[in-house]
Each structure stands twice: as structure tokens, then as C-alpha cells.
Amino acid sequence: MKAFTVSKAVTALMLAGLVLLPLYSQLSGNIFILTLFTRIVILALAAASLNLIMGYGGMMSFGHAAYLGIGGYAVGMLAQEGVGSGFIQFPVALAASATYALVIGALSLRTRGVYFIMITLAFAQMAYYVASGLARYGGDDGLTVYKRSDFSGLINLSNRTQFYYLCLACLLGVIFLIWRIVNSRFGLVVQGLRSNEQRMQAIGFPAKRYQLVCFVISGTMCGLAGALLANNTDFVSPAVMYWTRSGDLMVMVILGGMGTLFGPVMGAVVYLLLEEFLSQITEYWALIMGPLLLLIVLFGRGGIMGLLGRVGRG
């Protein structure tokens, strides 16, 4: 009970901090911190979507960043063609991400283990090179989004505070949806497949069908993060789909705690704050970040949420 209380208290403090952050930014005049945490919230959403298949479903996808790029390019391409309505851009971004996830999942789920990882990586790199070859939309140089998505006056994405709260609402909405999924019959089957796929198949559950649906839901959620990211940076480039970005998302999930509801959010906050802090000290910040993450993984089994659990147990 104590362990649960500790993790719950830390999670509540983190969420309270995220909710009150714009107020602090306004009172202190520190606009940068709001910009930084907007990016953190968006990538936390992407990490949470990866956690659905990796933490709960046992599917180690190394190409999850592809959906970030697809969602972002859907917004950027439509804006380039004169379609600025968010009511069109966001559904297209979600549909495109879902379609690509369906294709990847239908093929990659035929394999297991390292082969599954390599196929998801190959598809992500394929998307990366396709985007690099789109000369009309910037190619390697990326695509500038000159105007943010327009929601007919309901919300102004050019307003930093409104946009931040939109991103935070999307993150909390996705986490709530994940909670509903993992506690539903569907989610319990997916978790059962992670533990023992052969036994689940033996009692009559169509394993691949359940896993594919979960895979598509996860990719769609990440596509939403991509659409938000394009609006946040006013820019989208193939680099967002590169395999290293997928690696970053995996680190966030593992760091926070796989298979926990708020673990990926905590992992994203810690990882990106460390990245920002260390990059201001030295250009070789990755040499410091690597050992730090290694120590956390070695001595904090179960990530930060697991560590909090052990601290609570004394």
C-alpha cells in the first residue's frame, strides 16, 4: 500500500506541475520553459503510444517514430496545398498513420523476436527515405509549416498557452484511453498474448488479429503526436522518422517503466530535461547521458516507477 502511495504521490505532483506550468511561465516571464514542456508533452504522448504495444503487448517496435513523421507530414503537406483546417488535417494525419500501421503490422506480426524488430525498423527507414525524396515538400531539408492548423476559432494554436493545454489534454486523453484498453477484455487478451501466446491461441483467441488491432491503435495515437509536433515546430523533416528517434522513444518508455500507465510520461520528462540540461553544459552531453541512463536501468529495474515502488517498500 505504501509503495502504491509513493508512486501515486509522485505522479500526482508531476501532473499538477504540468497543469500549473503555464501559470509559472506567465508569472516568471520564462517563455522558454513553456516551449520546452510543450515538446516534452508531445513526445510523452508518442512514448505512451509505444508503451501500449511494447509494455502491455510485448511488441518491440523499433520504427515507431515513422508515425510521428507521417502525422507531421500530413499536416505540412495539406498546409502546403492550401488546406489549413485542423478538422481536415488531424483526421487525415490519424488515418494515414493508422493505414501505415496496418500495413506494417500485417507484415511484421508474421515474425517474432529480432525479426519483428528489424521489419519495423526497415519500414520506418523506408518512410524516412520516401520523405527525403519528396522534392515538392522540401526533401532532405524538410517542410516549413507557415500556418498552424485552424480550428475555426475554437482554439488558437498560435497562442502558446492554448496550444500547450491542447497537447496536455491530448496526452491525458490518450492515457485514459490506454487505461480503458488495458483493463478491457481486449486489453487483457493482448497482455495474455505477451505472457503466453501459444496458450492463448490454444484456448481459441485469434492472436494476430488482437495484436494487429493494438498495433494500429498505437500507431494512430503516435500520428496524433506527429500532427501536434508539426504545429509546435512549424516544421517537419525526415529526421523525425529516423531510427534514432524511435530509439529515444524506447528509452523514454524503459526509463519511466514499461507496462505502467504514467511511466512513459515520467520517462519523457526526465529524459528530455536531462538532455536539455546536459546539452547546455557540453556538446558531448551524450557521453554523460549514456552512463546515467545505464545506471538507472541497471539499479532501477522497472524504470522510475519500479524504483519508486521499491523506495515505498523501504
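## Helices α2 and α9

Let's start with a pair of helices: α2 (residues 31-56) and α9 (residues 207-233) have axes that come within 8 Å and cross at roughly 170°. That angle makes α2 roughly antiparallel to α9 (over 145 degrees). The axes are lines fitted to C-alpha atoms over the stretch in contact, with angles running from 0 to 180 degrees between N-to-C directions. Residues of α2 in the contact (heavy atoms within 4.5 Å) include T38, I42 and L45, while those of α9 include C214, F215 and M221. By class, this contact has 15 nonpolar, four polar and one charged residues.

This is a predicted model, in which local features need pLDDT of at least 70 and side-chain atom pairs count only at pLDDT 80 or more, while totals for chains, interfaces and linings use all residues. Numbering runs from 1 along each chain as its sequence is written, and side-chain values use heavy atoms, leaving out hydrogens and water.

## Helices α4 and α9

Helix α9 also packs with α4, at an angle of about 140° and with their axes 7 Å apart. That makes α4 oblique to α9. Among the residues that meet here are F90, A93 and G105 in α4, and G219, G223 and L224 in α9. This contact divides into 14 nonpolar, seven polar and no charged residues.

## Q89 in helix α4

Where does Q89 lie? Its place is in helix α4 (residues 86-108). Q89 is buried, with a relative accessible area of 0% (buried means under 20%, with a 1.4 Å probe and protein chains only). Its side chain reaches the backbone oxygen of V83 at 2.8 Å. Leaving aside neighbours within four places in sequence, Q89 is in contact with residues including V75, L78 and S149.

How values were computed: Helix = DSSP H or I, 4+ residues; strand = E, 2+ residues; numbered from the N terminus. Buried < 20%, exposed > 50% of the residue type's maximum accessible area, 1.4 Å probe, protein only. Polar contact = N/O pair within 3.5 Å; in protein donor to acceptor, adjacent residues only side chain to side chain. Parallel < 35°, antiparallel > 145°, perpendicular 65-115°, else oblique. Nonpolar A, V, L, I, M, F, W, Y, C, P; charged D, E, K, R; others polar.
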